[in-house]
Amino acid sequence: MKFELEESLRGAPNEELLEDLRRSAKAIGRNTITMVEYGQIGKCHPSTMQLRFGSWSKALKLAGLQPSRSKIGITDEELFENIESLWVSLGRQPRYGEVKSPSSQFSASTYEKRFGSWSKALRAFVAWIRSDSQDQNLQEVEAAARPADSTVQMASPQRRTRREISGRQRFRILVRDGFRCKACGASPLDHKGVVHLDVDHILPWSKGGETTDDNLETKCKQCNLGKGNAFNA
Ligand SMILES: [Zn+2]
């Protein structure tokens, strides 16, 4: 039963997924819901929400719900997303002393309490990044593309991937490219707080390019907008 429902929501419009999030939160009498709770009462797997909206917290936000908190406070996902944004803004692995306000949403001691130490938190973060594999993305789309599912809106039956780049795939590409723009070499490592890196398709998705690691690259905002590099003197 659950399996059939899960399949039926996979290709459903965004609003239908968000409505199910709201329904589930209401069912437990709160204005938020954790991934574990949604996994028990929701109509689809929490990972379907993550893939569609980029992350669990983004799905909650779009549904008009509050960020989820586990019984012991903050969710692991929130802690990992905070490491990710710190890492991206620095262009490298954040150091213990950098895990503080205002650049970090959570303190280093929060990580120590949850994972034992900052280095253990970083190891858990890396495992979390890796758990969002490209294969998972492909499988999701293949499942959604089944002819039996009439609500699926695919641009073309030949597509193997969805257009959206998941947060974790984006992070993997940034790491692979050394947090440098592939066009001009700009990096937050050299221009702290000035360079904003994007990950984009090499062959545009609209022209048949897939959302696979080999068709994605890091570009700074300037190059991505076709404005060239503002840092070459
Ligand atoms: Zn650039």
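What spacing do the donors of the zinc ion follow along the chain? The donors follow C-x2-C-x35-C-x2-C. The model is predicted, so local features need pLDDT of at least 70 and side-chain atom pairs count only at pLDDT 80 or more, while totals for chains, interfaces and linings use all residues. Residues are numbered from 1 along each chain as its sequence is written, and side-chain values use heavy atoms, with hydrogens and water left out.

The zinc site comes first. C181, C184, C220 and C223 each coordinate the zinc ion through SG, at 2.3 to 2.4 Å. Donors here are N, O and S atoms within 2.8 Å of the metal (3.2 Å for Na, K and Ca); water is not among the atoms, so sites may look incomplete. The angles among the four donor atoms run from 104 to 116°, and the site is tetrahedral. Four donors count as tetrahedral if all angles lie between 85 and 135 degrees. For four tetrahedral donors, the ideal angle at a metal is 109.5 degrees. Buried means under 20% relative accessible area, exposed over 50%, and partly exposed in between (1.4 Å probe, protein chains only).

Next, helix 6. Helices (H or I, at least four residues) and strands (E, at least two) are DSSP runs, numbered from the N terminus. Helix 6 has 15 residues and spans 21 Å from its first C-alpha to its last, close to the expected 21 Å. The expected span of a helix is 1.5 Å times one less than its number of residues. Helix 6 is largely enclosed by the rest of the structure, because twelve of its 15 residues are buried. Just after helix 6, G91 takes a positive phi of about 80°.

L122 is placed in helix 8 (residues 118-131) and is buried, with a relative accessible area of 10%. Not counting residues up to four places away in sequence, L122 touches I83, W87, Q93 and P94. Contact means heavy atoms within 4.5 Å. L122 and Q93 are 29 residues apart in sequence, and their C-alpha atoms are 8.7 Å apart in space.

A pair of aromatic rings is described by the distance of the centres and the angle of the planes. Rings of Phe, Tyr and Trp (its six-membered ring) pair if their centres lie within 6.5 Å; planes under 30 degrees apart count as stacked, over 60 as edge-to-face and the rest as tilted. The structure holds ten aromatic pairs. In one of them, F80 and F125 are tilted, at 6.4 Å centre to centre with 50° between the planes. F80 lies in helix 6 (residues 76-90) and F125 in helix 8, so this pair ties together parts that are 45 residues apart in sequence. F80 is buried at 7% relative accessible area, and F125 is buried at 0%. F125 also pairs edge-to-face with F171, at 5.2 Å centre to centre and 80° between the planes. That pair links distant parts of the chain, with F125 in helix 8 and F171 in helix 10, 46 residues apart. F171 is buried, with a relative accessible area of 3%. Ring pairs link F80, F125 and F171 into a cluster that also includes W87, F115, W128 and F179.

Charged side chains complete the picture. How many salt bridges does a search of the whole structure find? The search finds nine. A salt bridge is a side-chain nitrogen of Lys or Arg within 4 Å of a carboxyl oxygen of Asp or Glu. One of them joins R172 to D213, with the closest N and O atoms 3.2 Å apart. R172 lies in helix 10 (residues 167-176) and D213 in the loop between strand 3 (197-201) and strand 4 (216-220), so the pair ties together parts that are 41 residues apart in sequence. R172 is buried at 18% relative accessible area, whereas D213 is partly exposed at 21%. In another salt bridge, the closest N and O atoms of E98 and R92 are 2.7 Å apart. E98 is partly exposed at 21%, and R92 is partly exposed at 22%.

Definitions and conventions. Tetrahedral: all angles 85-135°; square planar, octahedral: opposite > 155°, others 65-115°.
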